[in-house]
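Open the model in your viewer and keep the selection tool handy. We will go from stop to stop, and at each one you will hear what to select and what is there.

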Amino acid sequence: MKLLLNENIGRSVAQAMRRRDHDAVWIGDDFAGIRDPDVLAKAKREGRILVTKDKDFGELAFRGHHAHEGIILLRLADERPANTIRVLEAVMEHPSVQKPPFFIVASDSEFRVRSDE
């Protein structure tokens, strides 16, 4: 799966996802500080699912009608990398991630899926 991890996710999560055979890019490696619309445009252009903790991406997707492949918004109480990876792996097993675009809000124990169709 192709992922673009926002700066607020962290490089260690991107590295762990790559070890799990995902094509994961961390925005902080080459594009630190770019504006949210540009992050979303990069994800769309590269066919990547955006993973973020920033609620502003929901605004861009729904109110701003910015095109995207999918957005996973993490709202975790336990933000340690191991938990973030566990939650991401669980979310990526859901059938909705095979039908972009989608918007998923994930907590430590559950997630909600909203399709953009």
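How many of the five residues of strand E5 (residues 102-106) are buried? Five of the five are buried, so E5 is largely enclosed by the rest of the structure. Before you zoom in, please note that this is a predicted model, in which local features need pLDDT of at least 70 and side-chain atom pairs count only at pLDDT 80 or more, while totals for chains, interfaces and linings use all residues. Residues are numbered from 1 along each chain as its sequence is written, and side-chain values use heavy atoms, with hydrogens and water left out.

Buried means under 20% relative accessible area, exposed over 50%, and partly exposed in between (1.4 Å probe, protein chains only). Helices (H or I, at least four residues) and strands (E, at least two) are DSSP runs, numbered from the N terminus.

**Stop 1: strand E5 and its partner**

Colour the two faces of E5 separately. Phe-102, Ile-104 and Ala-106 are buried on one side, and Phe-103 and Val-105 are buried on the other. Select Ile-72 and you will find its bridge partner, Ile-104, in E5. Follow the chain from E4 through helix H5 (residues 81-92) to E5: this β-α-β crossover is left-handed.

**Stop 2: the largest core**

Next, select Leu-3, Leu-5, Met-17, Val-51, Ile-72, Leu-74 and Leu-88. Of the 23 residues in the largest nonpolar core, these touch the most other members. Such a core is a set of buried Ala, Val, Leu, Ile, Met, Phe, Trp, Tyr and Cys residues joined through side-chain atoms within 4.5 Å. H5 gives the most to this core, with five residues. Centre on Leu-88: beyond residues up to four places away in sequence, it touches Val-13, Met-17, Val-51, Ile-72 and Leu-74, where contact means heavy atoms within 4.5 Å. A second, separate core has 14 residues, including Ile-27, Ala-43, Phe-57 and Ala-61.

**Stop 3: helix H1**

Show H1 (11-19) and pick out its buried residues, Val-13, Ala-14, Ala-16 and Met-17. They cover an arc of only 165 degrees around the axis, which puts them on the same side of H1; the arc is that of the directions from the helix axis to the C-beta atoms. Among the elements covering these buried residues are E1, E2 and H5. Just after H1, look at Asp-21, which takes a positive phi of about 70 degrees.

**Stop 4**

Finally, select Thr-52 in strand E3 (residues 49-52). Is Thr-52 buried or exposed? Thr-52 counts as buried because its relative accessibility is 0%. A polar contact of 2.9 Å joins its side chain to that of Asn-6. (A polar contact is a pair of N or O atoms within 3.5 Å; within protein, one must be able to donate a hydrogen and the other to accept it, and residues adjacent in sequence count only if both atoms are side-chain atoms.) The side chain of Thr-52 also reaches the backbone nitrogen of Asp-54 at 3.0 Å.

Move across to Asn-6, in the loop between strand E1 (2-5) and H1. Asn-6 counts as buried too, at 7% relative accessibility.

Terms used: Pairing = 2+ DSSP bridges. Right-handed = clockwise from strand over helix to strand, strands pointing away.
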